[in-house]
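Dear colleague,

Please find below the structure that I promised to pass on, together with its sequence. My notes on what was found in it follow directly after.

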Amino acid sequence: MIQGPTCPWEPIHGFQSWSEYSRFRTWMDDQLKSELALETIVQSYYSGIHGVERWFGHVASREIWRLVQPAAPFKGVFERVPLDEQVQVKEVPFGNQDSETSD
């Protein structure tokens, strides 16, 4: 089995402040602009509220991650979505994941 690139992102289980969350959002926006990440659309968000939760795909590794903004007392989270829970993904940002390209 050929293993693809790994995702360099690390989970965050609780932002220490709103400014830390804002800096993270700026960093993620840069990932999107650089096309290192793509935002994906999901059928239902874990939080149940659209707008406070966003899902992203890391292009190289094809991993799906979710970002939930802080709302006291919850400090927010950035975490990988387990494969068995990615059925919520409505629009896959990477195209057909079953296809392989050859040179």
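A salt bridge is taken here as a side-chain nitrogen of Lys or Arg within 4 Å of a carboxyl oxygen of Asp or Glu, and by that criterion the structure holds four salt bridges. Please keep in mind throughout that this is a predicted model.

Salt bridges across the strands

One of the salt bridges joins the side chains of R66 and E53, with an N to O distance of 2.9 Å. Since R66 belongs to strand 3 and E53 to strand 2 (residues 53–58), the pair ties together parts of the chain that are 13 residues apart in sequence. Both R66 and E53 are buried, and for R66 the relative accessible area is 8%, which is why R66 is classed in this way. R66 also meets the side chain of E79 in a salt bridge, at 2.5 Å from N to O, and this second pair again links distant parts of the chain, with E79 in strand 4 and R66 in strand 3, 13 residues apart. Taken together, E53, R66 and E79 are linked in a network of salt bridges.

A further salt bridge is formed by the side chains of E63 and R80, at 3.6 Å from N to O. E63 lies in strand 3 and R80 in strand 4, so this pair connects parts that are 17 residues apart in sequence. The two partners can be set side by side as regards accessibility: E63 is buried, with a relative accessible area of 18%, whereas R80 is partly exposed, with a relative accessible area of 36%.

On one side of the pairing pattern, strand 1 (residues 37–42) and strand 2 are paired in the antiparallel sense over four bridges, with L38 standing opposite G57 in strand 2. Strand 2 also pairs with strand 3, again in the antiparallel sense, over six bridges, and here R54 stands opposite L67 in strand 3. The hairpin of strand 2 and strand 3 has four residues between the strands, and in it R62 takes a positive phi near 65°.

The side chain of R54 is joined to that of E39 by a polar contact of 2.9 Å. If neighbours within four places in sequence are left aside, R54 is in contact with R25, D29, L32, E39, W65, R66 and L67.

Aromatic pairs and the nonpolar core

The structure holds nine aromatic pairs. Among them, W9 and W65 form an edge-to-face pair, 5.8 Å centre to centre and with 75° between the planes. This pair links distant parts of the chain, W9 being in the segment before helix 1 (18–33) and W65 in strand 3 (residues 63–68), 56 residues apart, and both W9 and W65 are buried. W9 pairs with F78 as well: their ring centres are 5.7 Å apart and their planes stand at 55°, so this pair is tilted. Here too distant parts of the chain are linked, since W9 lies in the segment before helix 1 and F78 in strand 4 (residues 77–80), 69 residues apart; both W9 and F78 are buried. W9, F15, W18, Y21, F24, W27, W65 and F78 form one aromatic cluster.

The largest nonpolar core comprises 12 residues in all, namely C7, W9, I12, F15, Y21, F24, M28, A37, F56, W65, L67 and F78. Helix 1 and strand 3 are the elements that give two or more residues to this core, and helix 1 gives the most, with three residues. Y21, one of the core residues, touches F15, L67, V68, Q69 and P70, not counting residues up to four places away in sequence.

With best regards

Terms used. Residues are numbered from 1 along each chain as its sequence is written. This is a predicted model: local features need pLDDT of at least 70, side-chain atom pairs count only at pLDDT 80 or more; totals for chains, interfaces and linings use all residues. Side-chain values use heavy atoms; hydrogens and water are left out. Rings of Phe, Tyr and Trp (its six-membered ring) pair if their centres lie within 6.5 Å; planes under 30 degrees apart count as stacked, over 60 as edge-to-face and the rest as tilted. Buried means under 20% relative accessible area, exposed over 50%, partly exposed in between (1.4 Å probe, protein chains only). A nonpolar core is a set of buried Ala, Val, Leu, Ile, Met, Phe, Trp, Tyr and Cys residues joined through side-chain atoms within 4.5 Å. Contact means heavy atoms within 4.5 Å. Two strands pair if DSSP finds at least two bridges between them. A polar contact is a pair of N or O atoms within 3.5 Å; within protein, one must be able to donate a hydrogen and the other to accept it, and residues adjacent in sequence count only if both atoms are side-chain atoms.
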